[in-house]
Amino acid sequence: MKTNRLSEKLSAALNEQMTKEAHASQIYLSYAAWADNNGFSGIANFLFRHAAEERNHMMKILEYILNRGAKAKVIAIPAPANDPISVNNCFEKVFKHEIDNTNSIYKVVKMALVEEDWATWNFLQWFVKEQIEEENLANYLMDKITLAGGENAKGDALYQLDKDLEKTSGEVKLAQDATTTNP
Ligand code: OFO
């Protein structure tokens, strides 16, 4: 598409969000690898699925930018921060990440509203809805680890939690299809 229908400001914001989704995918990938290294294959499986999901989000934004005739800039993805130090810390990081991402999406939604770019505003509603589900999932993980003992969770409780997340591995391919009852 040769005719650009995005303002410079929105195009920059969408490109930035696209990189954030790619970054999120790398973050979840690193947490999944950390979980697997520590023997939590259920948690790793859940996080690997989520990493794939974040990459899909990135692709969705990339396609939209191209469909509107603007330039999609694929740039370097920052390295993920440090590995979690515990399952509790891992789930806290996931929760914080999702809240940060919701706030970041809201900023772009507001920009689209101010510019009266209804196409972009409408496109972003999918992400607004998706973030509700992602925050619910992150909350679900926090509830589970809190029940298991939070930072002091160990042994049986962690084993059970890991099994719970592993059990559903074949039922849900992508995190976007997951629900709080079927993570
Ligand atoms: Fe892309 O939804 Fe989570 O961060």
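**Note on the salt bridges**

1. D100 and K96 lie 4 residues apart in helix α3 (residues 87-115), so about one helical turn separates them. Helices here are DSSP runs of H or I, at least four residues long, numbered from the N terminus. The two side chains form a salt bridge, with the closest N and O atoms 2.8 Å apart. The term means a side-chain nitrogen of Lys or Arg within 4 Å of a carboxyl oxygen of Asp or Glu. D100 is partly exposed, at 39% relative accessibility. Buried means under 20% relative accessible area, exposed over 50%, and partly exposed in between (1.4 Å probe, protein chains only).

2. This is a predicted model: local features need pLDDT of at least 70, side-chain atom pairs count only at pLDDT 80 or more, and totals for chains, interfaces and linings use all residues. Residues are numbered from 1 along each chain as its sequence is written, and side-chain values use heavy atoms, with hydrogens and water left out.

3. The protein's mean pLDDT (the predictor's confidence in each residue, from 0 to 100) is 91, and 90% of residues reach 70 or more. Helix α1 (residues 8-37) has the highest confidence, at 98. Helix α5 (residues 155-167) has the lowest, at a mean of 87.

4. The structure holds 3 salt bridges. One of them joins E16 and K20, at 3.6 Å from N to O. These residues sit 4 apart in helix α1, so about one helical turn lies between them. K20 is partly exposed, at 33% relative accessibility.

5. D164 pairs with K144 in a salt bridge, with the closest N and O atoms 2.9 Å apart. This pair links distant parts of the chain: D164 is in helix α5 and K144 in helix α4 (residues 118-147), 20 residues apart. D164 is buried, at 16% relative accessibility, whereas K144 is partly exposed, at 26%.

Technical notes. Helices (H or I, at least four residues) and strands (E, at least two) are DSSP runs, numbered from the N terminus.
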